[in-house]
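Please read these notes with the sequence and the model side by side.

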Amino acid sequence: MRKRILFTILTVLPAAFLLVTLERRDSPAKTLDTKLNFAFTYNLQLSEIPENSKTVEIWVPLPSTSGVQEIANYKINSELPYELYFDPEYGNRIAHFASNGHIPQNLDVAINLDVVRFEQDGLNHISKSETEDRLENLERYLQPDILVPIDGPIEAEAKKVVNGSLTPFQKIEAIYNHLFETMKYDKSGIGWGKGDALYACESRQGNCTDIHSLFIGMARSQGIPSRFIMGFPLPEDKSAAPIPGYHCWAEFYIDGQGWVPVDISEAIKHPDRKEYFFGRLDPNRVAFTTGRDIKVNSGETLHTLNYFIYPYVLVDGQPFTGASYNFSFAQKN
């Protein structure tokens, strides 16, 4: 049964900062000594909203405290009222903004928060940070997603490199090595970036979403729970900078060990770190959401998001194309 979550929202004047305090769902289990302490900013701008619009709705993903990151000091600045909730399937924290009267032609949303992110070592540290309600969802991480089938070419791809004599861990290692050797990180052409496992399997290229979708599909086809993690990367050579876009990775579950991370796309880009990114992650990142086909409700209408990292905006019930967004970070002492 899902835990009751406490929300405290202090509301001041419109367009002023709203300080949000949320009860932690997990106590962080620090894995290694290496950590990064930084402020993160998530900005959204809506421009030229049609003058006669009647409704505006915005959904924004928010990061949560977990075994490898601590999130604190949320400040949300918006003209629109909002509610905070956790989606029932994956437990992702989401802010839902909705108009309740006059709609200006331009709207801004600014979200500021503090992050402490720890280096993650899933090979040498047992994951103890998962709550009971998350563990009940292991079955979900064995099922297909819309763009991540677990049969057909995906299962056949897995069977090229695994057999029944291998342990689950050995199967995952074989899949990781296979994709490292046969995939190319390449964002050219059409079709990449959707997290389409079949596209990745056929083209042998893609970005982080495509490569990890193929990994997840292959792992699930062998009965190994695996999940998709979406977040943002931090430039290693800067202490403060804009962040141009998202980054994703994957985790697989081993009984007695817990969730173990892999970042195959980073390994492909940095071959000298291949062994490191099997089971370990550097602290230069922050996780925002887990899972695929994430659902949000607008009244009685259900919207399914392929993955969720950028804002989802509806104006009068239709996706709005006049939204822009930017992200940045600054290290703290």
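**Notes on a strand and its surroundings**

1. Strand β14 is covered on both faces: His 247, Trp 249, Glu 251 and Tyr 253 on one side, and Cys 248, Ala 250, Phe 252 and Ile 254 on the other, are all buried. Buried means under 20% relative accessible area, exposed over 50%, and partly exposed in between, with a 1.4 Å probe and protein chains only. In a regular strand, side chains alternate between the two faces of the sheet. The strand spans residues 247–254, and eight of its eight residues are buried.

2. This is a predicted model, in which local features need pLDDT of at least 70 and side-chain atom pairs count only at pLDDT 80 or more, while totals for chains, interfaces and linings use all residues. Residues are numbered from 1 along each chain as its sequence is written, and side-chain values use heavy atoms, with hydrogens and water left out. Helices (H or I, at least four residues) and strands (E, at least two) are DSSP runs numbered from the N terminus.

3. Which strands pair with β14? Strand β12 (residues 226–233) runs antiparallel to β14 and is joined to it by six bridges; pairing requires at least two DSSP bridges between two strands. Within this pair, Phe 228 stands opposite Ala 250. Strand β15 (residues 258–262) is also antiparallel to β14, with five bridges, and there Gly 258 stands opposite Ile 254.

4. The hairpin of β14 and β15 has three residues between the strands, and Gly 256 takes a positive phi near 85° in this hairpin.

5. Cys 208 is in no disulfide, and its nearest cysteine sulfur, that of Cys 248, is 3.2 Å away. Cys 248 likewise is in no disulfide, with the sulfur of Cys 208 as its nearest. Cys 208 counts as buried because its relative accessibility is 2%, and Cys 248 because its relative accessibility is 0%.

6. Asn 92 lies in the loop between β6 (82–86) and β7 (93–98). Is Asn 92 buried or exposed? Its relative accessibility is 4%, so Asn 92 counts as buried. The side chain of Asn 92 reaches the backbone nitrogen of Thr 290 at 2.8 Å. Leaving aside neighbours within four places in sequence, Asn 92 is in contact (heavy atoms within 4.5 Å) with residues including Tyr 85, Phe 86, Phe 288 and Ile 294.

Key:
Polar contact = N/O pair within 3.5 Å; in protein donor to acceptor, adjacent residues only side chain to side chain. Disulfide = S-S within 2.5 Å.
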